[in-house]
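Trainee: I am new to this structure. Please pick one part and take me through it closely, then show me a few other places in the same way.

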Amino acid sequence: MPQLVECVPNFSEGNNQEVIEAISKAIAQTLGCVLLDVDSGPSTNRTVYTFVGRPEDVVEGALNAARVAAQLIDMSRHKGEHPRMGALDVCPFIPVRDVTMDECVLCAEAFGQRLAEELGVPVYLYGEAARMATRRTLPAIRVGEYEALPEKLKQAEWAPDFGPSTFVPSWGATVTGARKFLIAFNINLLSTKEQAHRIALNLREQGRGKDQPGRLKKVQGIGWYLDEKNLAQVSTNLLDFEVTALHTVYEETCREAQELNLPVVGSQLVGLVPLKAILDAAAFYCEKENLFILEEEHRIRLVVNRLGLDSLSPFNPKERIIEYLVPEGQPEQRLVNKSLGTFILEVGARSAAPGGGSVAAAVAAMGAALASMVGLMTYGRRQFEHLDAEMRRLIPPFHAASAKLTALVDTDAQAFAGYLEALKLPMNIPEQRDRRIAAMQDGLKQAVAVPLSLAETVASLWPPLQKLALCGNLACRSDLQVAAKALETGVFGAYFNVLTNLKDITDDSFKDQVRQRVSSLLQDAQKQASVVLDLLEARQK
């Protein structure tokens, strides 16, 4: 799987379409870069670009965009609602896949140094790339904005990390760094700018100052007015959505607005959003309103409705959720995206993969899916109405396990990739040989982890499966019988795959521990499947 870094440069131009499109073109035409989103705001006079690629490619893409901006944007004429200090105001690098934060710091440093050298402009580092504690946050660096730069640059404490301490009127200064995924989330109010800002001050972590902190951790916020939409917004940045979630910001804003008798009329996501942030919000509203929603598509629709994400413009999940835009690998190459007939033909072909591990995962996934089906064939029917609450508890584990086990079909086929890559490492000197042996052992342990994960997943399904056998729709009896044997078969396959992969591992302690665990899981699967079958047989009688 190729490394993937996200870059989100913010340029101080939101009205001139020729400039916006020229910068888009510079990014899109950079080899290895995929432009995912362009979000312009006339009132903020700012455009946020989102693109992804390998570390070295996104650095090049950001530089190409900056070169174009240097020719077309004149900061001395810029006006807008959003705080800013440069033509390329901020350019963060964010880890997406198989990339560490440290590698993103290197991206920021490489970009900042080259930008300063080529354009002769001051560049500051922030976030995880910051070299001073006082420069970790963007607002701290941007204090006073563009207009304060001539005086700030004369002060030693504001000497840039790269480039001259010289004010460049047409450019200003740029901030670059590395950070976690930031979500730009604005809540719409029918209010004044001042009222929106009052709410922002109450909520944002910074609050009104050291003596009056706000309520929400890892949240930045201001209030502003969008002339083109004729409404105000509490504009927030969620610096870590796992600390403070989307729905928390929305609900707290609604509470503040209610105290001021102000109507909230939806919200707006700027740029892209991680799938988990949306699904976390879905889980919140499902629990809050006692809703039973299984399908991911339906959960996303619920969040769009509850947060009013389509209040200002259509919200298309396929264009706004980053995982949908950047799938893991080519969809047509994934086994689970092939037809059943094609998958069976590939299993029967003269190749090592897909093999028993992928087949075991597929069989187990179908077993979990059958159990989910039986639950759904029981839920919502008048004759089983008394079981609705029980079905709401029993169905989700099978639904989730089916998706997880399905993913393991491809994961198992790729399980030896690390080991095979290790085999290619040089071994000319002792240090290289030691490094190669260690990498090979790590690869084998990863290969063991996949079938072991299958067996562990199935182990969690036996209790709900037995409850389903006791009360599920008896018309689906044979489906539950097949489900029980399919899950047992999946563990059976996982057991032998684990033993096969353990043979060449030299860590005896690891081998003994894993062997004992997988043997226990197989014995338990055989026992529990038998219990399910007995329960179903008893009900028939």
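Mentor: Start with strand S1, residues 4–7, which is joined to strand S4, residues 46–53, by 3 bridges. S1 and S4 run antiparallel. Keep in mind that this is a predicted model. Look at cysteine 7: its bridge partner in S4 is phenylalanine 51. S1 also pairs with strand S5, residues 88–97. That pairing is antiparallel too, over 4 bridges. Here, pick out glutamate 6, whose bridge partner in S5 is isoleucine 94. Now turn to the side chains of S1. Leu4 and Glu6 point one way from the strand. Val5 and Cys7 point the other way. All of them are buried.

Next, move along to the helices. Glutamate 256 sits in helix H7, residues 246–259. Its relative accessible area is 7%, so glutamate 256 counts as buried, the cut-off being under 20%. What does glutamate 256 touch, not counting residues up to four places away in sequence? The list is Ile199, Asn202, Leu203 and Arg215. Take asparagine 202 from that list. Along the chain, asparagine 202 and glutamate 256 are 54 residues apart. Their C-alpha atoms are separated by 8.4 Å.

Alanine 281 lies in helix H8, residues 275–289. Alanine 281 has a relative accessible area of 0%, so this residue is buried. Leave aside its neighbours within four places in sequence, and alanine 281 is in contact with His247 and Val303. Threonine 248 and alanine 281 are 33 residues apart along the chain, and 8.4 Å separates their C-alpha atoms.

Last, look at a pair of helices. Two packed helices are described by the angle between their axes and the distance between those axes. Helix H16, residues 430–459, packs against helix H19, residues 508–540. The angle is about 30°, and the axes are 10 Å apart. So H16 is roughly parallel to H19. The crossing of H16 past H19 is left-handed. Which residues make the contact? From H16 come Lys445, Val448, Leu452, Ala455, Glu456 and Ala459. From H19 come Phe510, Val514, Arg517, Val518 and Leu521. Sort the residues in this contact by class and you get 8 nonpolar, 3 charged and no polar residues.

Conventions
Residues numbered from 1 in each chain as written. Predicted model: local features only at pLDDT ≥ 70, side-chain atom pairs only at ≥ 80, totals over all residues. Heavy atoms only, no water. Buried < 20%, exposed > 50% of the residue type's maximum accessible area, 1.4 Å probe, protein only. Helix = DSSP H or I, 4+ residues; strand = E, 2+ residues; numbered from the N terminus. Pairing = 2+ DSSP bridges. Axes fitted to C-alpha atoms, helices over the stretch in contact; angles between N-to-C directions. Parallel < 35°, antiparallel > 145°, perpendicular 65-115°, else oblique. Left-handed = near helix turned anticlockwise from the far one by under 90°. Contact = heavy atoms within 4.5 Å. Nonpolar A, V, L, I, M, F, W, Y, C, P; charged D, E, K, R; others polar.
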